[in-house]
Structure formats: structure tokens, C-alpha cells
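Biologist: I would like to learn how to read a few features of a protein model. Could we go through them one at a time?

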Amino acid sequence: MTRQIVILGGGTGGTLLANRLDRTLSRTEARITVVDRDDDHLYQPGLLFVPFGAAHSQRLVRRRSAQLRPGVSWRQATVDRVDVDERRVHLADGSELPYDVLVIATGARLLAEETEGLTGPGWNERVFTFYTAQGAGRLGRALRLFTGGRLVVNVIDMPIKCPVAPLEFCFLADAYFRRRGIRDDVDIVYATPLDSAFTKPVAAKTLGALLQRKRIGLVTEFNTGEVNGAAGRLTAYDGREIDFDLAAVVPLHAGADFVGRTPGLGDALDFVMTDPNTLQAKVSPDVFALGDATDLTASKAGSVAHFEGEVLAANVAHLLRDEPLETSYDGHVNCFVETGDGKALLIDFNTDVEPVPGHFPGPVGLPLLAESRLNHWGKRAFEQIYWHGLLPGRDLPFVGAAMPRAGKRLPILYVVSEEGSE
């Protein structure tokens with residue numbers, strides 16, 4: 001009997017998973033349907049470059065349906081809710097999609113309206129976000145007109161998509177204003193709810209030193225409660241204030257709203273409660289999740305969706321064939337960090353091993369936790385790899401789900417732990 005696999009979400013995770021499953025399963029084993037509310041697939045990493053004129057929003061978008069293999073069905077529709085007991089997806093138009101396996105890959109949505117004042121007076125005038133195509137374009141126009149004052153880059157709360165992007169924006173802004181010859185007239189401040197520049201200590205030290213070297217102020221544990229665009233002021237819940245002339249804000253993130261309308265599926269922010277090793281949703285054994293839609297502690301980044309997709313494709317096949325699931329996802333994350341002036345550094349880590357120096361993917365390769373032009377060109381070249389390699393569900397050479405340890409200068413702590421001596 002042919003099984004029905006329904007994938008909710010046609011972004012990075014949903015698309016690469018659908019294509020990988022189509023390569024893995026025979027047409028007699030399963031029919032695959034991808035559902036999304038629109039047909040615009042956005043290359044989200046490119047939004048970082050739009051405000052600085054190094055990319056154009058319209059060139060980052062392609063049709064979702066065109067990224068799917070011929071064997072995958074496409075349905076443009078809005079999801080209302082999921083009936084887990086009856087194994088049916090209820091769509092907003094009143095129709096239903098039955099499934100044998102359901103995969104939720106609907107990403108994260110921005111909740112700018114949840115922060116007091118953020119979308120009030122000054123929104124898209126002196127307060128912007130580069131996390132949307134429209135916002136990135138408008139911020140670019142504001143930057144071109146900016147001649148001096150304080151630029152504040154503010155993360156409202158975690159988790160967010162691509163946690164290093166706000167830091168990258170700071171670094172690129174520093175280079176941008178230096179090219180314009182007005183850097184001495186601009187004060188750049190990074191305000192984050194974290195207690196350091198990044199979540200991992202070794203990387204936080206490296207990135208914090210970069211901020212200091214580039215004369216970018218760092219304000220930690222700043223939990224924004226109110227944004228006053230008219231007055232140019234951020235106010236934290238503890239009463240601290242930061243004045244600004246221009247602000248680039250990363251709003252609160254949440255999962256898809258239909259998750260909240262499906263009992264037992266999501267947490268308080270509508271992220272799907274997910275087993276970190278098998279990627280099976282906790283609500284039911286025939287429901288899975290990947291990418292930004294999950295509640296996992298792994299970063300919400302495209303590389304995570306890529307690595308999870310490899311494990312998840314195998315587990316969907318195992319489930320259909322009544323085989324034990326693999327518990328092999330290790331939280332692997334791989335990310336380029338733009339640092340300005342045509343340079344970038346690379347971080348590669350997982351749940352147990354934080355970013356460390358060395359090389360990727362082995363003793364000879366891209367430098368880790370070190371600025372280089374090679375890393376910068378790696379990041380810029382990745383857009384073509386994304387469209388022509390990652391989304392089609394192909395294996396990328398030397399870049400697999402399991403984090404490689406070769407080439408990394410691991411502290412003794414990790415070596416001892418791995419050997420089980422302590």
C-alpha cells in the first residue's frame with residue numbers, strides 16, 4: 001500500500017527533505033506532498049547583505065514549487081490545524097489532507113507586535129528589521145541617508161533564526177561606514193539578552209574581541225521591554241535605557257500559529273516539542289519536525305535543517321518499513337560569520353563540542369574561528385550550492401550530519417569525555 005507523507009512548509013528544511021525522500025523511497029512506497037501558504041522561496045542568508053547594497057531582495061526569491069522534484073506534489077494552502085488522532089491536516093479552505101507520516105517544517109515567524117512600541121511610531125522610519133525582505137530593503141535606504149549618530153542592533157529575545165546574523169550586521173555596518181568615511185561619526189552598539197556576545201564561551205571570547213577591536217559597544221543581558229521609535233529609545237525590563245538614532249531590531253520569534261491550535265504539539269511559543277536525536281515529535285510517533293519549527297536547543301540555522309534532514313529522511317523510511325529509528329542527530333551546526341572587509345570566520349560545533357579553532361572539514365580545510373577571505377568567499381558561494389545542491393536533496397561533499405572532529409583543536413575535556421575516562 002502506498003503511504004501518504006505530508007510535509008508542512010516549503011522552506012529550506014521541507015524542500016530538501018521532500019527531495020531527499022523522493023530520492024530514497026520508491027513511488028510505490030510513498031507519495032509526498034508539500035504544503036505552504038505561498039510560492040515564494042526566499043534565500044534568507046542573503047537578507048544580511050541587502051541593507052549594504054551587496055544583494056537585492058527580489059533576486060533572492062524563487063518559486064517554491066520549482067525547487068521540488070517531479071515526483072513531489074505541491075499544494076499552496078494555509079494550515080488551520082492538525083488532528084493528530086485522526087491523522088489529518090485541516091486546511092483553511094475547509095479541505096483535509098490525510099497522512100501516514102507528517103513532517104512539520106514551517107519555520108519560525110516574527111512577532112514584532114508582541115514588543116511594546118516596536119511597530120508603533122518610528123517603525124520603518126528609524127526602527128527596522130533586516131529579517132524580512134521588505135525590512136532589509138527599507139533599512140538599506142535608511143543607512144544610505146544616515147550621516148552620523150548611534151546605530152543600535154538589538155535582539156529582543158532568543159531563540160532567533162541565525163543567531164550570528166545580528167553580530168554580522170554590526171561587523172558589516174562598521175565596514176560600511178568606514179568605506180563612506182563617516183565611521184568616527186557613528187556609534188555602533190550591540191544589545192543582546194545573552195550574557196556575552198555568543199552562547200558558547202570560546203566563540204563568545206573571539207567574537208567579543210572582534211566587537212572591541214571594531215569599536216562596537218556590547219550591552220549584555222538587555223531584555224527589551226519597550227521600543228520608543230519616536231523618542232529613539234530602548235528600555236529593558238530592568239529599567240536600563242539605550243538611546244538611538246537608528247535601530248536594527250530582531251523581533252521575538254515563534255513557531256507557526258497552527259501549532260498552537262493543535263493540542264500537545266507545541267510549547268508556549270508554538271515550537272514543536274521534538275526528540276533531539278530522532279526528530280520525532282513528542283505528540284505522536286508518526287509526526288516529525290525539523291529546522292526552525294522545533295523546540296531543540298540547536299541553532300535555528302539552515303545548516304541545522306540540512307543536517308537534520310539527512311537523519312530525518314532515514315527515520316521516515318525506517319518508520320514506513322517498521323524498522324527502529326536512528327538516534328544519530330548530534331546537534332551539528334556549521335556557520336560562516338561575516339566580519340567585514342571581505343573576511344569571515346567559520347564555526348562548526350554540536351551539542352557536546354562548542355566552536356573551537358582548527359580547520360574544517362579536516363586537518364586541511366577552511367580555518368575555524370579565524371578571519372579569512374576564503375571563509376568570506378565560501379559564504380558568498382554558498383548561495384549557488386544552496387539552490388543547486390542542498391535544496392535538491394543531494395549529499396554535499398565533506399559536509400554531513402555528524403560533526404567531524406578531525407582538524408579541530410579540541411580541549412582535553414572533550415578528548416577525555418569522548419574516551420570515557422572521566
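Predicted model: local features only at pLDDT ≥ 70, side-chain atom pairs only at ≥ 80, totals over all residues.

Biologist: How many cavities of 30 Å³ or more does the structure hold, and what lines the largest cavity?

Modeller: On a 1 Å grid over the protein atoms alone, a cavity is a set of points where a 1.4 Å probe fits but cannot get out; a pocket is an open set with protein on both sides within 12 Å along at least five of seven lines, and lining residues have an atom within 4 Å of a point. Points are joined across faces, edges and corners, and a volume is the space filled by probe spheres set on them. Here there is one cavity of 30 Å³ or more, and the largest cavity has a volume of about 50 Å³. Its lining consists of Cys162, Pro163, Val164, Phe198, Ser299, Ala301, Val333, Cys335, Ile347 and Phe349. Strand E21 (333–340) and strand E22 (343–349) are the elements that give two or more residues to this lining; strands (E, at least two residues) and helices (H or I, at least four) are DSSP runs numbered from the N terminus.

Biologist: What is the division of that lining into nonpolar, polar and charged?

Modeller: Ala, Val, Leu, Ile, Met, Phe, Trp, Tyr, Cys and Pro count as nonpolar, Asp, Glu, Lys and Arg as charged, and the others, Gly among them, as polar. The lining of the largest cavity has nine nonpolar, one polar and no charged residues.

Biologist: Which residues lie nearest the centre of the second largest pocket?

Modeller: Thr199, Leu296, Thr297, Ala298 and Ser299 do, out of 22 lining residues. That pocket has a volume of about 370 Å³, and its lining divides into 11 nonpolar, seven polar and four charged.

Biologist: At what angle do helix H2 and helix H3 pack?

Modeller: Axes are lines fitted to C-alpha atoms, for helices over the stretch in contact, and angles run from 0 to 180 degrees between N-to-C directions. Helix H2 (residues 133–145) and helix H3 (residues 165–179) pack at about 35°, with axes 12 Å apart. Contact means heavy atoms within 4.5 Å; Leu139, Leu143 and Arg144 of H2 meet Phe169, Tyr176 and Phe177 of H3.

Biologist: Is Pro355 buried or exposed?

Modeller: Buried means under 20% relative accessible area, exposed over 50%, and partly exposed in between (1.4 Å probe, protein chains only). Pro355 is in the loop between E22 and strand E23 (358–360) and counts as buried because its relative accessible area is 0%. Residues it touches include Lys200, Ile347 and Leu369.

Biologist: Where are the cis peptide bonds?

Modeller: One joins Met158 and Pro159, with omega about 5°; another joins Phe360 and Pro361, with omega about 10°.

Biologist: Which residues have a positive phi without being a glycine?

Modeller: Cys162 has a phi of about 50°, and Glu221 also has a phi of about 50°. Cys162 is partly exposed at 24% relative accessibility, and Glu221 is partly exposed at 48%.

How values were computed: Residues numbered from 1 in each chain as written. Heavy atoms only, no water. Lists of a residue's contacts leave out its neighbours within four places in sequence.
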